Amino acid sequence: QVQLVESGGGLVQAGGSLRLSCAASGRTFSSRAMGWFRQAPGKEREFVVGISWSGDFTDYADSVKGRFTISRDNAKNTVYLQMNGLKSEDTAVYYCVSAPKYTPRLIGYDYWGQGTQVTVSS
């Protein structure tokens, strides 16, 4: 199996920034697509961003385009989410996910982490 551990969440004021990290272990990190979903209280889990193994392909939700940036370091088995210009509506638990193939919206992910809380105050 693939184990994913998120970190970097916290409390930040609107307009601020956070950088989330996701460390992967277990099954091979290489060749797998990675990404982030989030879930706000009372809402369904929402796609945020996906990235192919090579990093050549990315897919961002419209709500975060221009503000969030995903990257990965395959040598470190780690994926990152740089979040800038945070808004109150970004408040959610953020989950790192892993998929065997890269597809738009990272459909078909089969592993996810425990989540890290991001709270944006206004």
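Leaving aside its neighbours within four places in sequence, which residues is Ser52 in contact with?

Mentor: Ser52 is in contact with Ala33, Phe57, Arg72 and Tyr102, once you skip neighbours within four places in sequence; contact means heavy atoms within 4.5 Å. Before going on, keep in mind that this is a predicted model, where local features need pLDDT of at least 70 and side-chain atom pairs count only at pLDDT 80 or more, while totals for chains, interfaces and linings use all residues. Residues are numbered from 1 along each chain as its sequence is written, and side-chain values use heavy atoms, with hydrogens and water left out.

Back to our serine. Ser52 sits in the loop between β5 (46-51) and β6 (58-60); strands here are DSSP runs of E, at least two residues, and helices are runs of H or I, at least four residues, numbered from the N terminus. Ser52 counts as buried because its relative accessible area is 6%, and buried means under 20% with a 1.4 Å probe, protein chains only.

Now the wider setting. The protein has 11 strands and zero helices. Buried residues make up 45% of its 122 residues. Among contacts between residues at least 6 apart in sequence, 58% join residues at least 24 apart. As for overall dimensions, the C-alpha atoms fill a box of roughly 40 × 25 × 25 Å along the principal axes.

Key
Buried means under 20% relative accessible area, exposed over 50%, partly exposed in between (1.4 Å probe, protein chains only).
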